[in-house]
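Biologist: Can you walk me through this one? I have a few quick questions.

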Amino acid sequence: MDSIVSFLGSPEKEESHKIGFLMDIRDLCDTSRRHHSPRGLDVFCQRYKLVENIEVLLEEEPRDQLRTALRQIAMRAIAELSAVERVLEGKETRLLQACFSSVFLLPPEVEDIDRYLYLETMRSMDNMLQALLLNSRASRVSDLLQNIFQMLLTLSSSEREHVRQRAMGRIEGLSFMLAENPTLGAWCRSRTDIHGPVSYRDIQIPDLGQLLGHLLLFQHSWEEAKTLARDAVQHLAVFLAGQNITASPAASFAAGTAAAPPGVSVGLLALPGYTAAPGHSV
């Protein structure tokens with residue numbers, strides 16, 4: 001903790017010091033979680049405004065280059081912070097906007113960007129988004145999921161194709177997670193009753209119609225991201241089918257016996273070509 005406080009009090013903040021600060025936050029939260037010793041950590045995070053400081057560091061990153069691992073380490077720190085009770089609540093939107101802007105607005109991958117660094121950054125974003133949902137309180141999962149999808153939908157309508165591609169990749173990844181996980185149980189939350197598993201029926205996506213409509217239109221475009229849109233629709237079809245199945249979801253869906261949820265056509269649930277492997281999400 002001393003190194004974190006020392007960084008915040010230092011007037012000079014070199015890139016290496018910023019990365020060290022983010023790594024310290026990540027390691028502190030990880031160690032606390034693994035040793036089941038979170039007492040006082042939430043107070044420390046709030047007192048020293050760790051979430052707000054991470055947001056500032058992301059906003060300071062240049063939008064025209066990706067030279068260091070700062071972005072990916074920042075998102076790993078956010079993923080760990082999401083397991084600290086209530087530390088991120090009410091701050092997710094601004095934090096996600098900082099993450100999306102810092103990464104999605106980078107130049108196309110074909111330009112002067114280190115491919116390995118880029119792929120690791122995108123992987124860290126995917127892991128962060130999943131962690132935010134898995135560590136969220138059951139009562140907040142639907143609202144958070146809706147908020148994330150809404151931000152990604154806006155970015156998938158960008159004038160720049162590479163921004164649309166990156167946003168669609170994240171939509172596909174989250175849709176795949178919903179299809180693959182019958183529950184969104186929070187990690188290491190068995191000690192409290194409010195963090196229990198979230199069943200299919202607990203998860204609602206208020207603007208699901210808008211999301212599906214956008215994806216269906218997108219998959220008929222000429223862009224490379226149309227494959228991601230198609231896969232996202234198929235993943236969501238499996239998720240929707242699971243909301244109406246009480247026994248053996250996979251078998252019932254494969255046999256075509258799943259009933260369509262209200263407002264969803266049977267044709268959507270019978271989409272062909274569904275595969276368990278996620279699509280290209282870079």
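This is a predicted model: local features need pLDDT of at least 70, side-chain atom pairs count only at pLDDT 80 or more; totals for chains, interfaces and linings use all residues.

Biologist: What share of the residues is buried?

Modeller: Of the 282 residues in the protein chain, 49% are buried. The chain exposes about 13600 Å². Carbon and sulfur atoms supply 53% of that area.

Biologist: And the contacts between residues at least 6 apart in sequence, what part of them joins residues at least 24 apart?

Modeller: That part is 73% in the protein chain.

Biologist: Let's go to the start of the chain. At what angle do helix 1 and helix 2 cross?

Modeller: Their axes cross at roughly 145 degrees and come within 9 Å. Helix 1 covers residues 2-9, and helix 2 covers residues 15-34. The crossing is left-handed.

Biologist: Which residues make the contact?

Modeller: Helix 1 contributes S3, I4, F7 and L8. From helix 2 come H17, K18, F21, D24, I25 and L28. By type, the contact residues are six nonpolar, two polar and two charged.

Biologist: New topic: E120. Where does E120 lie?

Modeller: E120 is in helix 7, residues 115-134.

Biologist: Is E120 buried or exposed?

Modeller: Buried, because its relative accessible area is 16% and the cut-off for buried is under 20%.

Terms used. Residues are numbered from 1 along each chain as its sequence is written. Side-chain values use heavy atoms; hydrogens and water are left out. Axes are lines fitted to C-alpha atoms, for helices over the stretch in contact, and angles run from 0 to 180 degrees between N-to-C directions. Helices (H or I, at least four residues) and strands (E, at least two) are DSSP runs, numbered from the N terminus. A crossing is left-handed if the near helix is turned anticlockwise from the far one by less than a right angle, and right-handed if clockwise. Contact means heavy atoms within 4.5 Å. Ala, Val, Leu, Ile, Met, Phe, Trp, Tyr, Cys and Pro count as nonpolar, Asp, Glu, Lys and Arg as charged, and the others, Gly among them, as polar. Buried means under 20% relative accessible area, exposed over 50%, partly exposed in between (1.4 Å probe, protein chains only). Accessible areas come from the Shrake-Rupley method with a 1.4 Å probe; for residues, only the protein chains shown count as cover.
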